[in-house]
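Colleague: I should like to learn how to read several features of a model. May we take them one at a time?

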Amino acid sequence: MQTISNLIGGVAVQSTSQRTAPVFNPATGEQSAVLPLSTAAELDDAVAAARAALPDWANTPPLRRARHMFRFKHLLDANTDRIADAISAEHGKTHGDAVGEAQRGIEVVEFCCGIPQLLKGEFSRLVGPSVDAHSIRHPLGVVAGITPFNFPAMVPMWMYPVAIACGNTFVLKPSEKDPSASGVIFELFREAGFPDGVLNIVHGDKEVVDAILTHPYVKAVSFVGSTPIAEYVYRTGTHAGKRVQALGGAKNHMVVMPDADMDKAADALMGAGYGSAGERCMAVSVAVPVGEETADKLVESLAPRVRALKVGPASDPEAEMGPLVTKEHMQKVLGYIDSGVEAGAELVVDGRGFKAQGYEDGYFVGGTLFDRVTETMRIYKEEIFGPVLSVVRSPSYDHAVKLINEHEYGNGTAIFTRDGDAARAFADHIEVGMVGVNVPIPVPVAYHSFGGWKRSLFGDHSIYGPEGVHFYTRLKTITSRWPEGIKSGAVFNFPTMN
Ligand code: NAD
């Protein structure tokens, strides 16, 4: 069985850790690899490699850094299917979905090809007599990323291309559930000609994460994962003096107004609720039809679609949704469905007991639809991260907005309507970081930035795009005067223009 290596200083290094974790193919339930859970000393080696590469990389002209990014982007484009296969084999998502994931990651690399433009400073002539000022952005140094299982290629690419294009060097700690996609991409990164040590990958769990959070030479940490761990990472990292952006969990609502096209709204909910088996931080897990009549029509449209959902392994080209990532996660999702039934929600379509033919040991849960879910139920309050859509019937638009604003998460949301006034008011008043108007999964493109509000993001910066550039750089402002402008005599008052 394959044992996965760390990638430090440009070479594959076998971990000497005594602790390991199994990696599974979620469609078959078979173990596919062994992942050593690296030690703090191995993280230290990766940081040392990143430190060694830093001075030259930070002093490489941005245009030359961008040229590496161009080569990297071409290689990623040429190898998208290979990356997608690596994603599907360990995550379970369908091939088409995995290709989409890779492409959204590549778009961040594409954004980074324009990095000289984004790193351009500002210059002010004559801020005082004979005095000019300019501001520039410096890289931070060695920075690190800790990533979740659900986008094993894209989420790391939200981080290291931006950090590296800005002149930093990087240590990545991928999810232990699907570590292989990052290895495939690392090969392409090397082939693109980036110097050794600019990107390093250390596999592991809490031991490596804690070592990152307290390492004196790690200047900033990007984290994406569940809210309790995001909060822990933010607190621990900032306590150790680091810059931290920690993106957490979500419960995304989609409001369906009475004037919406019900068929289109139902189609949108199918993709957003069940795509990737609901294992997306931007998945819609709550539909909020406004008015009883809207609710009846929506549930009537949804139910046959959910029953007809094609669930199967990624190797099945017909499959619209794959298995869940691990057996434990499957059991957790099944437990949530049980809890919804016990709490009195109406189970319209029951995905429990679903078996994919020929894949009986896979971690499959069928599409599940609940109606008449209420605010006090666990299935409403908590993130399920599975193919379970809850319908919360709302008596009015105002009630729908209040519901969303009072939820602890504020990652994404959407409204489906033909009414421009309602859509504009919704976008204005909703306390959520990413809003879709007739767009169910409003993940911002790479040249905007991604980030939720409330307990979906800890820290001051969203990820990638312009906010990513700010996160991975710090500002320096230089004020200069040349001998001709310098007057004789000491000045003891605070300097002013006069
Ligand atoms: P997770 O929090 O379990 O793991 C994320 C990372 O943290 C992994 O690398 C893991 O090894 C590490 N980790 C886990 N437990 C830890 C601990 N006790 N101490 C230190 N490190 C620990 O998340 P997951 O299950 O891999 O991913 C799913 C979650 O990620 C969902 O909650 C989802 O909403 C969230 N997510 C959020 C976004 C976003 O942009 N807001 C994007 C993708 C996923």
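Colleague: Does Arg 372 count as buried, exposed or partly exposed, and why?

Modeller: Buried means under 20% relative accessible area, exposed over 50%, and partly exposed in between, with a 1.4 Å probe and protein chains only. Arg 372 has 40% relative accessibility, so Arg 372 counts as partly exposed. This is a predicted model, in which local features need pLDDT of at least 70 and side-chain atom pairs count only at pLDDT 80 or more, whereas totals for chains, interfaces and linings use all residues. Residues are numbered from 1 along each chain as its sequence is written, and side-chain values use heavy atoms, with hydrogens and water left out.

Colleague: Where does Arg 372 lie, and what is its phi?

Modeller: Helices (H or I, at least four residues) and strands (E, at least two) are DSSP runs, numbered from the N terminus. Arg 372 lies in the loop between strand E16 (368-371) and helix H13 (378-381). Its phi is near 55°, a positive value in a residue other than glycine. Asn 438 also has a positive phi, near 60°, and is found in the loop between strand E20 (434-437) and strand E21 (453-454). With a relative accessible area of 38%, Asn 438 is partly exposed.

Colleague: How does the span of helix H2 agree with its number of residues?

Modeller: The expected span of a helix is 1.5 Å times one less than its number of residues. Helix H2 (residues 62-78) has 17 residues and should therefore span 24 Å; its end C-alpha atoms are 24 Å apart, which agrees.

Colleague: Which residues of H2 are buried, and what covers them?

Modeller: Among the buried residues of H2 are Arg 65, His 68, Phe 72 and Lys 73. Cover is read from contact, meaning heavy atoms within 4.5 Å. What covers the buried residues of H2 includes helix H1 (40-58), helix H3 (80-91) and helix H4 (95-112). In helix H8 (residues 206-214), the buried residues include Val 208, Val 209 and Ile 212; their cover includes H1, strand E8 (142-146) and helix H9 (227-239).

Colleague: How many residues surround the ligand, and which are the closest?

Modeller: A residue is near a molecule if one of its heavy atoms lies within 4 Å of it. Here 27 residues surround the ligand, and the closest are Lys 173, Glu 176, Ser 226, Gly 248 and Glu 383. An oxygen atom of the ligand is 2.6 Å from a side-chain N or O atom of Glu 176. For Glu 383, a side-chain N or O atom is likewise 2.6 Å from a ligand oxygen atom. Taken alone the ligand exposes 850 Å², and the protein buries 88% of that, with accessible areas from the Shrake-Rupley method with a 1.4 Å probe.

Terms used. Polar contact = N/O pair within 3.5 Å; in protein donor to acceptor, adjacent residues only side chain to side chain.
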